[in-house]
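I opened the notebook to look up how parts of this chain pack together. The model is predicted, and I keep that in mind throughout.

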Amino acid sequence: MIADAGQLLIETGARVCITSTRPNAMGRVFTGRKPTEAVALAPLLFAVCGAAQAEACARALAAAGAEVPPGPGSRAVAAEAIREHLMRIAVDWARVLGETTGVAVLRAIHQMPRAAPNDRIIEARRLVMQLVAAPERLAGSGWHIGTESLAARLIRKVIAEGWSTLGGVNEMQPQETSALTLTRSAASGATGNGLLARLLARGAHLHHLLAALSGEAETDGPVATSRGLLHHRAELRDGVIVAYDITAPTDVNFAPGGPAERSLAAAAAMPEAPIRLLIEAFDPCIPYELRAA
């Protein structure tokens, strides 16, 4: 059972406008249910980031005082986030370069989170090295230098085309949640939060996530996904859920007047290819349609 996720309509030109058909009351499906039912239901509802949704649900219900089975765990969530980053690189970044990633690579990315823990670490590192750079280099901003990976070539194209500062704004909105904010890479001004900074942040976040695959498990608070922080909140009464709220990164970043809209307004005069790259750097979890004036 997968919930209808909706779609974004992004209109650019003299005025940028983002409208969404994403349901804003997804949490209602949990109301009236017992906490154990909700934990079982959460990973079945979402086509994207099922492990993160299940983990966020388990944390929210535990925080509300329910006794529920543990979620998939932060290591499973990290593996899922690595998959999402690598898929975006293998599909979206390859498209900008006029390339197509082979089916075998896409299959390996998709299957990686399902591997046994030790095998998952090895496979994740292998795929990151193949598509991005050596994992130990991702802690710095120069990981694209001296390598011919797909990701490195896309970064160099962005620099060569003069797109580096595209979408940069003087003051970022504090509610933004993204790879840029999760890695504390964000800064004021076009250099600190323009397109190049957002793309490089994927590499920095992959570095964090690879460490999390074998690191100490987190058990409370919002869940860090590839797109930003995922929040679930629950209220119980007499052992039944009476209120439930879900706030996903897409809800925050693509809200009217929100971070993506402001960034796109600063880039409105650019061609379609870099505009799409900027949208995909914010990484909506639902399909989008771009209408350029």
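Entry 1, a helix pair. I looked up helix α3 (residues 74–96) and helix α9 (residues 195–212), whose axes come within 9 Å. Their axes cross at roughly 150°. Angles over 145 degrees count as roughly antiparallel, so I noted α3 and α9 as roughly antiparallel to each other. I also noted that the crossing of α3 past α9 is left-handed.

Which residues of α3 and α9 make the contact? From α3 I listed R75, A78, A81, I82, H85, L86, R88, I89 and W93. From α9 I listed L199, R202, H205, L206, L209, L210 and A212. I then sorted the residues of this contact by type: 11 are nonpolar, two are polar and three are charged.

Entry 3, a sheet. I traced an open sheet of three strands and wrote down the order β3-β4-β5, with antiparallel pairing. Which strands are at the edges? They are β3 (223–225) and β5 (240–247), and each of these pairs on one side only. For the twist I recorded an average of 25° from one strand to the next.

I followed β3 along strand β4 (residues 228–237) and found three bridges in the antiparallel sense. For V223, I looked up the bridge partner in β4, and it is L230.

I found helix α2 (residues 50–63) lying across β3, β4 and β5. Helix α2 runs at about 40° to β4.

Conventions:
Residues are numbered from 1 along each chain as its sequence is written. This is a predicted model: local features need pLDDT of at least 70, side-chain atom pairs count only at pLDDT 80 or more; totals for chains, interfaces and linings use all residues. Side-chain values use heavy atoms; hydrogens and water are left out. Axes are lines fitted to C-alpha atoms, for helices over the stretch in contact, and angles run from 0 to 180 degrees between N-to-C directions. Helices (H or I, at least four residues) and strands (E, at least two) are DSSP runs, numbered from the N terminus. Angles under 35 degrees count as roughly parallel, over 145 as roughly antiparallel, 65 to 115 as roughly perpendicular and the rest as oblique. A crossing is left-handed if the near helix is turned anticlockwise from the far one by less than a right angle, and right-handed if clockwise. Contact means heavy atoms within 4.5 Å. Ala, Val, Leu, Ile, Met, Phe, Trp, Tyr, Cys and Pro count as nonpolar, Asp, Glu, Lys and Arg as charged, and the others, Gly among them, as polar. Two strands pair if DSSP finds at least two bridges between them.
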